[in-house]
Amino acid sequence: MSAETETLHAAMPFAAELGIEVDAASPDEVSARLAWVERLCTAGGVLHGGALISLADTAGAFCAFLNLPEGASGTATIESKTNFFAAVRAGSVRARSRPLHRGRTTIVVETDLFDDRERHVARVTQTQAILT
């Protein structure tokens, strides 16, 4: 387990529960992944949309956290928009989160999700409030 994954799991136990792992993290990009497991599926063995959104929200929040201005204590998701493009029935999903806006009171992050074949599975745009 990477140091970034350990940090994430300590700060966000839900990410540990889902099995989300961080591959790389910087203020410019966070890369994380979620393995397909049956317990996270809906009918027909499809990875549940809520699991995909949770991956995107987690990676996006981590990206926002890495972009906090000095004196801020954390972030909270205040808006999230998801477009699903394809179902995931095996393998894993990789999230790539990048900041679109680094403001004084909010940070906007765009997260793209890809399957093992690099198929674009979903795009999530979220606004994170900066907590002081």
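User: Which residues of helix α1 are buried?
Analyst: This is a predicted model. In α1, which runs over residues 3-11, the buried residues are Thr 5, Leu 8 and His 9. They lie on the same side of α1, because they cover an arc of only 95° around the axis.

User: Which residues are exposed on the other side of α1?
Analyst: Ala 3, Ala 10 and Ala 11 are exposed there.

User: And what covers the buried residues of α1?
Analyst: The cover includes α2 (13-18), β1 (21-26) and α3 (49-66).

User: Staying with α3, how far apart are its end C-alpha atoms?
Analyst: They are 26 Å apart. This agrees with expectation, because the 18 residues of α3 should span 26 Å at 1.5 Å a residue. The buried residues of α3 include Leu 52, Leu 55, Phe 62 and Cys 63.

User: Now the sheet. What is the strand order?
Analyst: The sheet is open and has six strands, in the order β1-β2-β4-β5-β6-β3, with antiparallel pairing. Its edge strands are β1 and β3 (74-84), each of which pairs on one side only. From one strand to the next, the twist averages 20°.

User: How many bridges join β5 and β6?
Analyst: Strand β5 (residues 106-115) and strand β6 (residues 120-131) pair over nine bridges, in the antiparallel sense. Opposite Leu 113 stands Ala 122 in β6.

User: On to the largest nonpolar core. Which residues touch the most other members?
Analyst: Of its 29 residues, those are Ile 20, Leu 34, Leu 47, Leu 55, Val 93 and Leu 113. At least two core residues come from each of α2, β2 (29-35), α3, β4 (92-102), β5 and β6.

User: Which of these gives the most to the core?
Analyst: That is α3, with eight residues.

User: What does Leu 47 touch?
Analyst: Leaving out residues up to four places away in sequence, Leu 47 touches Leu 34, Trp 36, Leu 40, Cys 41, Leu 52, Val 88 and Val 93.

User: And what about Leu 34, what does that one touch?
Analyst: With residues up to four places away again not counted, the contacts of Leu 34 include Ile 20, Leu 40, Leu 47, Leu 55 and Val 93.

Note on methods. Residues numbered from 1 in each chain as written. Predicted model: local features only at pLDDT ≥ 70, side-chain atom pairs only at ≥ 80, totals over all residues. Heavy atoms only, no water. Buried < 20%, exposed > 50% of the residue type's maximum accessible area, 1.4 Å probe, protein only. Helix = DSSP H or I, 4+ residues; strand = E, 2+ residues; numbered from the N terminus. Arc of directions from axis to C-beta. Contact = heavy atoms within 4.5 Å. Pairing = 2+ DSSP bridges. Axes fitted to C-alpha atoms, helices over the stretch in contact; angles between N-to-C directions. Core = buried A, V, L, I, M, F, W, Y, C linked by side-chain atoms within 4.5 Å. Expected span 1.5 Å × (residues − 1).
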